[in-house]
Amino acid sequence: MAQFHLKFEAEDLAPHVMLVGNPQRAEQVSKLLQGARLVNEYRYLLVFTGMYEGERLSVATTGMGAPSTAIVVEELCNLGARVLLRVGSAGGIASDVDAGDLVVATGSIRDDGTSLQYLPLSFPAVPDADLLRVTMEAARDVVPTAKHGVVISSDAFYRNYDKDKMSLMMQSGVKAIEMESGCLFIVGQFRGVRTSALFAVDGSVTKDAIKPRSAEGLFKTAEEQSIRIGLSTLIRASKAGL
Ligand SMILES: O=P(O)(O)O[C@H]1O[C@H](CO)[C@@H](O)[C@H]1O
Ligand SMILES: O=c1cc[nH]c(=O)[nH]1
């Protein structure tokens, strides 16, 4: 049944869905799908469904931040989604992560408000173990140097951690910061669907300004790679019966 924000029917959605924050990224992905059909435009939460390497896939826009992501994830679950893979952008934190890198999340620090309304903070925000393995394999096939680790998922794009807290994060190997994976993992756990997330890095928040202009070219290349990895992950997951 059509939902409040995703105004299409269950038959218009594939069970394997790529999630992107930016609607322009959804359009970019749709160009790689055969016979892509735009099934939602409402609120610019673009959703496309089409074929890729013989499998039916969808790509859906979450918008920015946890509240919007939770709405989209809930409604996708109501419409029959089983596997949700976020392909997003993130800022680097660890000294070995910089613009142009790819990072796969092995867990997320829950610095959002929305996920607390689902499960207590003591509940870990982690991807599905099987889907994480497939995501890592697909990532390494495209970019052998792809990194993995814990990321921060924060509500406040313009509020950086103070120096001491950021040093602690760096010392502890935290890789990157973004805004949706923690909520995705928690809502996915709550709804009983498989989730995972990977990111193209658009700068280093511990070294440079956020999203430096000079890094746009490196980011674009990484974003294209992340999309290819995302599609390959969903295909592999579908073929493996996930
Ligand atoms: O590029 P997307 O997927 O939107 O992800 C990142 O970019 C946005 C901030 O610019 C936030 O949504 C953040 O998580
Ligand atoms: O949340 C985000 C996303 C991309 N880059 C950042 O620096 N932060």
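**Entry 1: ligand 2**

I began with a nitrogen atom of ligand 2, which lies 3.0 Å from an N or O atom in the side chain of Asp-202. I count a polar contact as a pair of N or O atoms within 3.5 Å; within protein, one must be able to donate a hydrogen and the other to accept it, and residues adjacent in sequence count only if both atoms are side-chain atoms. I also found a nitrogen atom of ligand 2 at 3.2 Å from a polar backbone atom of Gly-91. Of the 240 Å² of accessible area that ligand 2 has on its own, the protein covers 93%. Such areas come from the Shrake-Rupley method with a 1.4 Å probe; for residues, only the protein chains shown count as cover.

**Entry 2: ground rules**

I noted that this is a predicted model, in which local features need pLDDT of at least 70, side-chain atom pairs count only at pLDDT 80 or more, and totals for chains, interfaces and linings use all residues. Residues are numbered from 1 along each chain as its sequence is written, chains are lettered from A and ligands numbered from 1 in the order in which they are written, and side-chain values use heavy atoms, with hydrogens and water left out.

**Entry 3: the shell of ligand 2**

I listed the residues around ligand 2, among them Ser-89, Phe-157, Ile-177 and Val-205. A residue is near a molecule or strand if one of its heavy atoms lies within 4 Å of it. The shell divides into six nonpolar, two polar and three charged residues. Here Ala, Val, Leu, Ile, Met, Phe, Trp, Tyr, Cys and Pro count as nonpolar, Asp, Glu, Lys and Arg as charged, and the others, Gly among them, as polar. Strand E5 gives the largest share, three residues.

**Entry 4: the record**

I checked UniProt, where an unreviewed entry annotates residues 16–224 as "domain: Nucleoside phosphorylase". Over residues 16–224 I noted 31% helix and 32% strand, with the end C-alpha atoms 19 Å apart. Helices (H or I, at least four residues) and strands (E, at least two) are DSSP runs, numbered from the N terminus.

**Entry 5: helix H4**

I ended at helix H4 (residues 163–171), whose N-terminal end is capped by Asp-162, with a side-chain oxygen 3.2 Å from the backbone nitrogen of Asp-164. Gly-173 follows H4 and has a positive phi, near 80°.

Key: UniProt positions renumbered as here; feature names shortened; annotations may be inferred.
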